[in-house]
Amino acid sequence: MPKQEYDPAHLNVRIVLVAPQGARNLGAIARVMKNFDLSELWLVAPECSPEDEEARHMAVHAADVLEGARIVPTLSQAVADCTRVVGTTARIRTVGDPPLSPAEGARWLGAGEGTAAYVFGPEDRGLSNEELAYCQRTVQIPTGAAYSSLNLAQAVGICAYALFLDSEPPPPVTYSEPMPETEALEGFYAHLERALLEIGYLQPHTAQRKLEKFRRLFNRANLTAQEVALLRGVLRQIGWASTQNRDRQLPLTPDT
Ligand code: SAH
């Protein structure tokens, strides 16, 4: 039965599949997306084609979702213009914040402006840590302990259903200022890495682990676009001050 008094206009969530392998899964995902009013499907370096006969067969009346699928080579391109990115994982990870349930994930995704992305991993390996680094939140579908890994299309179905249930208009103002797009956030992280290497806080061989900790910190902070600009101003000044010190051959101390 269609849900009543439902306004999908605000529900601007794209489904992103990283390196999907099964054409039948693609078709089943297109179908369940349409069931729950989602239409934007992005495929990152897919290993199967949305034009495959099996995909079309499984999609039944959702061929339009398959036909509209965008194909891009990298996850970074699929989420560049998104203001919120949620990754999904079957495994409990030992690092980072505890994952959200699909209902909590839906609430978080629905609470901001702009486009959001719900990212799913390949059937055999799931999302890598590098891919999860693009995500400000993770969602784990609770399962029995014996087998936590769902079929990809079923995982998308459960998350899409939770989005659909939660798709009442969000409270008037959750974030009072615009959120940064992923491209801006990634620019900030790259700048942070350069600046911290420059001043010797990071060493090339341990930089990655430290940067992951910074990512977790900033992800928790829900930075606004203005705050990202503010932090980049600080980084620019650090870069400038460290060049000055180097030119003057002075040690970098607070009173120089
Ligand atoms: N062996 C992989 C399983 C990949 S299943 C692993 O352990 O991670 C393919 C994709 O389906 C996952 O990347 C995720 O996007 C989704 N998925 C499967 N089970 C899930 C669960 N319990 N919670 C959230 N997403 C799940």
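A residue is called buried if its relative accessible area is under 20%, exposed if over 50%, and partly exposed in between (1.4 Å probe, protein chains only). The model is predicted, so local features need pLDDT of at least 70 and side-chain atom pairs count only at pLDDT 80 or more, while totals for chains, interfaces and linings use all residues. Residues are numbered from 1 along each chain as its sequence is written, and side-chain values use heavy atoms, with hydrogens and water left out.

Start with the aromatic rings. Rings of Phe, Tyr and Trp (its six-membered ring) pair if their centres lie within 6.5 Å; planes under 30 degrees apart are stacked, over 60 edge-to-face, and the rest tilted. The structure holds eight such pairs.

Select Tyr118 and Phe120. Their ring centres are 5.4 Å apart and the planes meet at 25°, so this pair is stacked. Tyr118 is buried, at 0% relative accessible area, and Phe120 is buried too, at 2%.

Next, select Tyr201 and Phe214. This pair is edge-to-face, with 6.3 Å from centre to centre and 65° between the planes. It links distant parts of the chain, 13 residues apart: Tyr201 is in the loop between α8 (182-198) and α9 (207-220), and Phe214 is in helix α9. Helices here are DSSP runs (H or I, at least four residues), numbered from the N terminus. Tyr201 is partly exposed at 42% relative accessibility, and Phe214 is partly exposed at 21%.

Terms used:
Helices (H or I, at least four residues) and strands (E, at least two) are DSSP runs, numbered from the N terminus.
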